Amino acid sequence: MWIRLTIPFIAIVLFLLEPEFALFSPIEWNGEIIYLVPRFLILYLIFISIYYSRKRAVTYGLFFGLLYDVFYIDIIGLYTVLYPLVCYTAGWSVKYIHQHLSITTILSVVLVALMELILFYFFHFIHFTTLPFKEFLLIRLIPSILANLLYLIMLGWAFKYLIDARVLQKARELS
């Protein structure tokens with residue numbers, strides 16, 4: 001029973017922790033200022049989509065995307081669309097790739113990078129940012145992807161273990 005509640009509880013905790021970790025950014029490294037954007041929640045939702053249920057991940061993505069839009073940005077609908085879309089893409093791609101943890105980690109990082117690129121081009125299109133693409137790539141995208149990759153290396157196995165435990169619990173309930 002506790003596993004059933006743990007999966008959404010962790011999503012809530014990650015939603016609340018993202019802005020706390022964002023306070024560590026920007027940082028100066030070798031004389032350059034870089035920005036680290038934590039994407040803990042969407043990485044977790046990608047794991048849910050791949051290892052548990054695409055439908056559940058899309059539902060969580062819709063809910064948390066709307067919350068993200070309401071609490072953190074002024075454009076309602078941007079994350080509400082992107083989070084479920086990323087979850088759906090992750091769940092769809094599982095049909096064509098192996099579900100090994102290393103493959104899932106790489107897929108997650110690629111999907112987050114694509115999401116960041118879509119966000120950049122959207123904000124650039126509406127003139128919300130004037131940052132050139134090369135600068136965005138060097139001071140925000142690459143450092144953020146490396147930081148999120150480190151996060152997944154540290155906690156990806158824990159996510160997979162928790163989701164696998166829920167899958168086993170659900171199988172026991174059905175039999």
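## The second largest pocket

Helix 6 contributes the most to the lining of the second largest pocket, giving six residues, where a helix is a DSSP run of H or I with at least four residues, numbered from the N terminus. This is a predicted model, in which local features need pLDDT of at least 70, side-chain atom pairs count only at pLDDT 80 or more, and totals for chains, interfaces and linings use all residues. Residues are numbered from 1 along each chain, and side-chain values use heavy atoms, without hydrogens or water.

The volume of the second largest pocket is about 240 Å³, counted as the space filled by probe spheres set on the grid points. Its lining is made up of 14 residues, and those closest to the centre are Phe-21, Leu-36, Pro-38, Phe-40 and Ala-147.

## The largest pocket

The largest pocket holds about 630 Å³ of space. Among the 24 residues of its lining, Val-37, Arg-39, Tyr-68, Tyr-79 and Arg-140 are the closest to the centre. Two or more lining residues come from each of helix 1 (2-22), helix 3 (54-72), helix 5 (101-125) and helix 6 (133-174), and helix 5 gives the most, with four residues. A pocket is an open set of points on a 1 Å grid where a 1.4 Å probe fits, with protein on both sides within 12 Å along at least five of seven lines, and lining residues have an atom within 4 Å of a point.

## Val-112 in helix 5

Val-112 belongs to helix 5, and it counts as buried (under 20% relative accessible area, 1.4 Å probe) because its relative accessibility is 1%. Beyond its neighbours within four places in sequence, Val-112 is in contact with Arg-39, Ile-42, Leu-43, Ile-46, Ile-145 and Asn-148, contact being heavy atoms within 4.5 Å. Between the C-alpha atoms of Val-112 and Ala-165, which are 53 residues apart along the chain, the separation is 25 Å.

Methods. Buried means under 20% relative accessible area, exposed over 50%, partly exposed in between (1.4 Å probe, protein chains only).
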